[in-house]
Amino acid sequence: MQRGSVSDTRIGLPNLDATLFQQPDKERLLTPERATHAPRFLLLYGSLRERSYSRLAAEEAARILRALGGETRFFNPSGLPLVDDAGDDHPKVKELRELAQWTEGMVWCSPERHGAMTGLMKTQIDWIPLSSGAVRPTQGKTLAVMQVSGGSQSFNAVNQMRVLGRWMRMLTIPNQSSVAKAYQEFDETGRMKLSAYYDRIVDVMEELMKFTLLTRDAAPYLVDRYSERKESAEALSKRMKQESI
């Protein structure tokens with residue numbers, strides 16, 4: 001079956017700008033130029049306790065990602081100010097934003113506190129802008145969400161982080177991890193014990209790696225939007241008119 005042209009698809013769509021409306025380019029989606037470097041992952045955790053189970057779970061996830069061929073980095077949130085309580089030039093804010101630009105995928109791991117993710121976890125996410133000039137630190141990048149709980153298994157924190165991931169225009173993978181009674185799941189050295197919870201983290205990291213390899217090279221095209229192309233074209237036209245006066 002022959003694919004319809006843009007003009008064909010505009011039948012009954014008089015509000016479309018035909019110069020900006022584009023049918024999906026299969027070549028850009030399926031056969032983009034492939035990067036050869038190791039997939040890059042940033043891991044964020046949501047507790048500053050000396051024995052932070054969200055950090056320990058994230059460290060276990062990082063070991064698995066490295067074994068799968070990835071490169072991992074952590075952000076230590078100690079010293080990160082509350083949002084709007086400091087400027088964008090604060091050293092910890094700059095560090096976090098530079099890591100968000102560097103990475104191709106993220107792992108967010110938060111404790112569940114009072115039935116929700118921690119304020120520290122939310123603060124880190126809130127400091128990452130949706131866009132910074134021409135740079136989009138999160139859009140089109142992959143995300144895996146994890147949580148640890150002191151009591152029975154719950155999914156409140158991961159569900160909330162999924163909402164945030166969608167808002168940050170990230171590709172949040174289907175699988176997730178929730179570790180119940182986390183204080184029982186790590187040994188005295190901080191390593192996770194063999195359990196179904198550990199196996200689930202392996203599952204999640206495998207899936208994160210696959211999704212990242214599948215999408216990272218096409219990510220700029222995946223988040224290319226008609227409305228933003230239209231806005232950019234209008235802004236360019238306005239600027240050119242002003243310059244011609």
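In this predicted model, Ser195 sits in the loop between strand S7 (177–179) and helix H7 (196–215). Ser195 is buried, with a relative accessible area of 17%. The Ser195 side chain reaches the backbone nitrogen of Tyr197 at 3.2 Å.

The chain contains nine helices and seven strands. The C-alpha trace spans about 70 × 50 × 35 Å along its principal axes. Of the 245 residues in the chain, 42% are buried. Among contacts with a separation of 6 or more, 75% involve residues 24 or more positions apart. The accessible surface of the chain is about 13,700 Å². Carbon and sulfur atoms contribute 51% of that surface.

Charge was examined next. The chain carries 34 positive and 31 negative charges. Side chains of opposite charge can pair when their charged atoms come close. A search of the whole structure returns 14 salt bridges.

Lys92 and Glu95 form a salt bridge through their side chains, with an N to O distance of 3.3 Å. Lys92 is buried at 16% relative accessible area. Glu95, at 31%, counts as partly exposed.

Arg216 and Glu104 also form a salt bridge, and their closest N and O atoms are 2.9 Å apart. Arg216 lies in the loop between H7 and helix H8 (219–222). Glu104 lies in the loop between H4 and strand S3 (105–113). The pair therefore ties together parts that are 112 residues apart in sequence. Arg216 is buried, at 13% relative accessibility. Glu104 is likewise buried, at 13%.

The side chains of Glu228 and Arg169 meet in a further salt bridge, at 3.0 Å from N to O. Glu228 is part of helix H9 (residues 226–244). Arg169 is placed in the loop between helix H6 (156–167) and strand S6 (171–172). This pair thus links parts 59 residues apart in sequence. Glu228 is buried, with a relative accessible area of 18%. Arg169 is partly exposed, at 30% relative accessibility. Salt bridges with shared partners join Glu228 and Arg169 with Arg136 and Arg225 in one network.

Methods. Residues are numbered from 1 along each chain as its sequence is written. This is a predicted model: local features need pLDDT of at least 70, side-chain atom pairs count only at pLDDT 80 or more; totals for chains, interfaces and linings use all residues. Side-chain values use heavy atoms; hydrogens and water are left out. Helices (H or I, at least four residues) and strands (E, at least two) are DSSP runs, numbered from the N terminus. Buried means under 20% relative accessible area, exposed over 50%, partly exposed in between (1.4 Å probe, protein chains only). A polar contact is a pair of N or O atoms within 3.5 Å; within protein, one must be able to donate a hydrogen and the other to accept it, and residues adjacent in sequence count only if both atoms are side-chain atoms. Contact means heavy atoms within 4.5 Å. Accessible areas come from the Shrake-Rupley method with a 1.4 Å probe; for residues, only the protein chains shown count as cover. Lys and Arg count as positive and Asp and Glu as negative; His and the chain ends are not counted. The place of a charge is taken as NZ of Lys, CZ of Arg, CG of Asp or CD of Glu. A salt bridge is a side-chain nitrogen of Lys or Arg within 4 Å of a carboxyl oxygen of Asp or Glu.
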